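Q: I am new to this structure and would like a close look at a single part. Please pick one stretch near the start of the chain and walk me through it, along with what surrounds it.

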Amino acid sequence: GHLLFNLGNAYYRMDELGEAVLHYERARAVIPRDADLRFNLAHAKDQVIDSVAGAQGLVDVTFFWIDSINLQESFWIFAAANFLFWAVLAVRHFIRSELLYYALLFAVAFWLVSGISLGVKWIRIKTDNRAVVVQKEIEVRSGPDIHDTVLFKLHEGTIVRLERSEGQWSLVRVSENKRGWTGPEAIVPVRALGPEAA
């Protein structure tokens, strides 16, 4: 995570905003609570020309802590919850008390929440289709051909959703009503080379 963060800093100093945002986002998957990373990423995104609003879904609101932990931490939290559940269950098998009853309820709730959180985190990582524009300016066309109509332009550092690819062309979505095709090497997926992409 710190290596990716430093790569982002190096690209930022070389005035390559797209690569900087890309590496900051990859670093965030590993060290999501790093204060310097969060500051630098926010600072870099402030300089992106294209404004893309990220809508929060029900899952984002319900599991608000998901973005503050990485996948490995999610796993160990679930492992701890699993151990706590079975430990309390084993003790309660021999000792019956009201305190242990409430401890068991807490352990079950903790186990369920941490298990669902781990599942949500894993699915989010595996289905992350974000990509970053790494060229200074790209043209987004109506089809996967250089002769198709230019619908709009995007600038480096903009984060888009990669829907699918055809040859060297990629269909990207900026918002619900704004999508089109970009040419080769215009965008780079966030997840492709991330440490947690395997």
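A: Let's begin on the outside: the exposed residues Leu-3 and Arg-13 sit on the face of helix 1 that is turned away from its buried side. Please keep in mind that this is a predicted model.

Now for the other face. The buried residues of helix 1 are Leu-4, Phe-5, Gly-8 and Asn-9. They lie on the same side of helix 1, because the arc they cover around the axis is only 145°.

Helix 1 takes in residues 2-13, which is 12 residues, and at 1.5 Å a residue it should span 16 Å. Its end C-alpha atoms are 16 Å apart, so the model agrees with that expectation.

What does the buried side pack against? Its partners are helix 2 (17-28) and helix 3 (35-46).

Let's follow the pairing with helix 2. The two helices pack at an angle of about 165°, and their axes are 8 Å apart. An angle over 145 degrees counts as roughly antiparallel, so helix 1 is roughly antiparallel to helix 2. The crossing of this pair is left-handed. On the helix 1 side, the residues in contact are Leu-4, Phe-5, Leu-7, Gly-8, Asn-9, Tyr-11 and Tyr-12. Across from them, helix 2 brings Leu-17, Glu-19, Ala-20, His-23, Tyr-24, Arg-26 and Ala-27.

Asp-15 follows helix 1, and its place is in the loop between helix 1 and helix 2. With a relative accessible area of 55%, Asp-15 counts as exposed, because the cut-off is over 50%. Its backbone deserves a look too: phi is positive, about 65°, although Asp-15 is not a glycine. As a general rule, most residues other than glycine have a negative phi.

Technical notes: Residues are numbered from 1 along each chain as its sequence is written. This is a predicted model: local features need pLDDT of at least 70, side-chain atom pairs count only at pLDDT 80 or more; totals for chains, interfaces and linings use all residues. Side-chain values use heavy atoms; hydrogens and water are left out. Helices (H or I, at least four residues) and strands (E, at least two) are DSSP runs, numbered from the N terminus. The expected span of a helix is 1.5 Å times one less than its number of residues. Buried means under 20% relative accessible area, exposed over 50%, partly exposed in between (1.4 Å probe, protein chains only). The arc is that of the directions from the helix axis to the C-beta atoms. Contact means heavy atoms within 4.5 Å. Axes are lines fitted to C-alpha atoms, for helices over the stretch in contact, and angles run from 0 to 180 degrees between N-to-C directions. Angles under 35 degrees count as roughly parallel, over 145 as roughly antiparallel, 65 to 115 as roughly perpendicular and the rest as oblique. A crossing is left-handed if the near helix is turned anticlockwise from the far one by less than a right angle, and right-handed if clockwise.
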